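Here is a short note to read with the model open beside you. Please take the points in order.

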Amino acid sequence: MSFGSRKFRGSAESNTFGARYRAMMAKRPFLLFGLPFLTVIIGGSFVLTPATAIRYERHDRKVRTMTRDEELGIGQQRRKVDMKEEYYRLAAKDLDDWEQKRVKRFKGESDGIL
């Protein structure tokens, strides 16, 4: 005599929603699992499209092109640069008198010395 591999389910357990769903799932797996899954995936794309559009519209409001008047207004706060003056200012610096200093390393970081 051999026993089946199927688990015994009593009559009280066969009336539950889970038992009925398992029985129907064995008969129509696509209808009860595949179709809801595809519906969620496709419906999610329709729901998320306006959300991403709002995100990019907000970004576009922050980053916008400047008008010509705004461009001219920005340049007024900066100092005027004369190329000859900058050249002589940099040439006056003593570039031969400098000292090499090592940068402090974090714990466990290689210091580059072999």
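**Notes on the model**

1. Phe-17 counts as exposed, at 62% relative accessibility. Buried means under 20% relative accessible area, exposed means over 50%, and partly exposed lies in between (1.4 Å probe, protein chains only). Tyr-21 is partly exposed, with a relative accessible area of 32%. Both Phe-17 and Tyr-21 lie in helix 1 (residues 17-27), 4 residues apart, about one turn of the helix.

2. A word on the source. This is a predicted model: local features need pLDDT of at least 70, side-chain atom pairs count only at pLDDT 80 or more, and totals for chains, interfaces and linings use all residues. Residues are numbered from 1 along each chain as its sequence is written, and side-chain values use heavy atoms, with hydrogens and water left out.

3. Now the overall fold. The chain has 4 helices and 0 strands, in the order α-α-α-α. Helices (H or I, at least four residues) and strands (E, at least two) are DSSP runs, numbered from the N terminus. Of the 114 residues in the chain, 3% are buried. The chain exposes about 12200 Å², and carbon and sulfur atoms supply 60% of that area. Accessible areas come from the Shrake-Rupley method with a 1.4 Å probe; for residues, only the protein chains shown count as cover.

4. Next, the aromatic pairs. Rings of Phe, Tyr and Trp (its six-membered ring) pair if their centres lie within 6.5 Å; planes under 30 degrees apart count as stacked, over 60 as edge-to-face and the rest as tilted. The count comes to 2 aromatic pairs. Phe-17 and Tyr-21 form a stacked pair, 6.2 Å centre to centre with 25 degrees between the planes. Phe-17 and Tyr-21 both lie in helix 1. Tyr-87 and Tyr-88 form an edge-to-face pair, 5.4 Å centre to centre with 65 degrees between the planes. Tyr-87 is exposed at 56% relative accessible area, and Tyr-88 is exposed at 56%.

5. Look at helix 2. Helix 2 has 34 residues and reaches 49 Å from its first C-alpha to its last, close to the 50 Å expected at 1.5 Å a residue. The expected span is 1.5 Å times one less than the number of residues. A kink of about 30 degrees lies at Leu-48, shortly before the proline Pro-50. The bend at a residue is the angle between axes fitted to the seven residues ending there and the seven starting there.

6. Phe-30, Leu-31, Leu-35, Phe-37, Leu-38, Ile-41, Ile-42 and Phe-46 form a nonpolar surface patch, with about 830 Å² of accessible area together. Patches are made of residues with over 30% relative accessible area and no salt bridge: like charges are joined within 9 Å, nonpolar side chains (Val, Leu, Ile, Met, Phe, Trp, Tyr) within 5 Å. Ile-42 lies in helix 2 (residues 29-62). Ile-42 is partly exposed, at 47% relative accessible area.

7. Last, the charges. The structure holds 1 salt bridge, meaning a side-chain nitrogen of Lys or Arg within 4 Å of a carboxyl oxygen of Asp or Glu. The side chains of Arg-89 and Glu-86 form it (2.8 Å, N to O). Arg-89 and Glu-86 are 3 residues apart in helix 4 (residues 83-91), about one helical turn. Arg-89 is partly exposed at 43%, whereas Glu-86 is buried at 14%.
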